[in-house]
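Please keep the model open while reading.

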Amino acid sequence: MTEQDIRTKLVHAGERRGLPDAQPVATPIYASATFTYDSMAEMDRVFSGEKQGFVYTRYGNPTTAALEEAVRAVEEGAVACAYATGMAAVHAALLACDLRSGSTVLASQDVYGATTNLLNTILINFGVKTVHVDFSDLETVRAKARELRPQVMIAETISNPLLKVCDIEACVQIAHENGARLIVDNTFASPYLRQPLKLGADLVVHSATKYLSGHADAMGGVVVSRDEMDKGALVSVMKLVGGVLGVWEAHEIMRGLKTLGLRIERQCTNAQRLAAELVEHNLVGRVYYPDSADKAARLLRQPFLCALVSIELQENTRAAAFSFMNSLKLCVRSTSLGDVFTSVLHPATASHRDLLPARRRELGISDGLIRISVGIEDVEDVLADIEQALKVAHKVE
Ligand code: PLP
């Protein structure tokens, strides 16, 4: 080939040099929208699925595929597919269950607010009806499943913000007796504390933005199915709806995943200490934390249980909660959870803001409720911060 012009070199120089013999020890970020092959015949074989490979990043990418494989392995499923956010993953899981006009979804009343809104404001327009019930009342769940014969049941392993633990085994039985598939959003537990597929759930969903990533620097979502047959539907949603996970985020989440066990163990140990101190505190009215004696909670990894604690102050009002949260100097006011730092959220004005006050009261979410996602800091520092903020909120010297 003759010497190329600089304008050509600027475009092609250094690219597509092939992999060196050495294997990178960590999956690189494959920041490439498309992939080329030596011949059209080979490309055709990859397109047809006859040969494994990547052609276009909306259809799959090596960095994202590495994360999918990691999450599939730790959830012990058959297939996993990653999406741009947890909500994109919830949406994909619902669509993978072949929802269509006339289908019914039986949803836990405690599912994440955006999941409720997705069902009640978007999927409803496509003829999908959703009925919400209290999944801690298994008799009602069973009766409703028999009456409605839902296509899908959806619950969360640990509910937000009251931290109720779902009896997944019982829900699996009810779902399967009535011809439904069970989707479990495992965001709050993470696969380290619970693996719902091993208890018989059909699909697991994660907001990878939370514990899987753990550092508040990436958004993502993953669906894992126990059934290889779901692969087609999950990949179709990714390809056709297009909410693919970016390769940078896939890399960040993959890096976070490596320390999930260490982080969660520390976060849960800190959370238990916090719960134990706050339950005795005269400026705290109520503490919500899973009860290790509870049948469903026993299925969470012992002795760790849960890395979140929710509290109501002695003065259980929005004003006192705001004053407490404003006074925190270490704990971060943040609309998320599962990060390495301790963060606080006010459900009534954040996750459950869209609900009418009466509905919030029905669900047990008072205006003074505060959710604490406990981090990996030294717990004494977190306790000291909470102690001083409790005093400010209650005007104690
Ligand atoms: N599921 C649960 C339980 C969540 O808490 C969230 C977000 O807070 C989501 C799903 C949605 O995740 P994302 O914000 O990554 O879309």
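## Basis

This is a predicted model, in which local features need pLDDT of at least 70 and side-chain atom pairs count only at pLDDT 80 or more, while totals for chains, interfaces and linings use all residues. Residues are numbered from 1 along each chain as its sequence is written, and side-chain values use heavy atoms, with hydrogens and water left out.

## Salt bridges

The structure holds 18 salt bridges. The term means a side-chain nitrogen of Lys or Arg within 4 Å of a carboxyl oxygen of Asp or Glu. One of them joins Arg72 to Glu69, with the closest N and O atoms 2.8 Å apart. Both residues sit in helix H3 (residues 62–75), three residues apart, and about one helical turn separates them. Helices (H or I, at least four residues) and strands (E, at least two) are DSSP runs, numbered from the N terminus. Arg72 is partly exposed at 23% relative accessible area. Glu69 is partly exposed too, at 40%. Here buried means under 20% relative accessible area, exposed over 50%, and partly exposed in between (1.4 Å probe, protein chains only).

Another salt bridge pairs Lys198 with Glu76 at 3.5 Å, N to O. Lys198 lies in the loop between helix H8 (190–193) and strand E6 (203–207), and Glu76 in the loop between H3 and strand E1 (79–83), so the pair ties together parts 122 residues apart in sequence. Glu76 is partly exposed, at 45% relative accessibility.

## A buried aspartate and a network

Asp167 forms a salt bridge with Lys295; the closest N and O atoms are 2.8 Å apart. Asp167 lies in the loop between strand E4 (152–156) and helix H7 (168–177), and Lys295 in the loop between strand E8 (284–288) and strand E9 (308–313), so this pair ties together parts 128 residues apart in sequence. Asp167 is buried, with a relative accessible area of 11%. Lys295 is partly exposed at 45%.

A network of salt bridges links Asp110, Asp134 and Lys164.

## Ligand surroundings

A side-chain N or O atom of Asp185 is 2.6 Å from a nitrogen atom of the ligand. Thr209 places a polar side-chain atom 2.6 Å from a ligand oxygen atom. For Lys210, a polar side-chain atom lies 2.8 Å from an oxygen atom of the ligand. The protein covers 91% of the 400 Å² of accessible area that the ligand has on its own. Accessible areas come from the Shrake-Rupley method with a 1.4 Å probe; for residues, only the protein chains shown count as cover.

In helix H10 (residues 247–257), the residues Val247, Ala250, Ile253, Met254, Gly256 and Leu257 are buried. Their cover includes H3 and helix H11 (260–279).

Ser327 lies in helix H12 (residues 318–327). Ser327 is buried, at 14% relative accessibility. Its side chain reaches the backbone oxygen of Ser323 at 2.6 Å. Leaving aside neighbours within four places in sequence, Ser327 is in contact (heavy atoms within 4.5 Å) with Asp385, Gln388, Ala389 and Val392.

How values were computed. A polar contact is a pair of N or O atoms within 3.5 Å; within protein, one must be able to donate a hydrogen and the other to accept it, and residues adjacent in sequence count only if both atoms are side-chain atoms.
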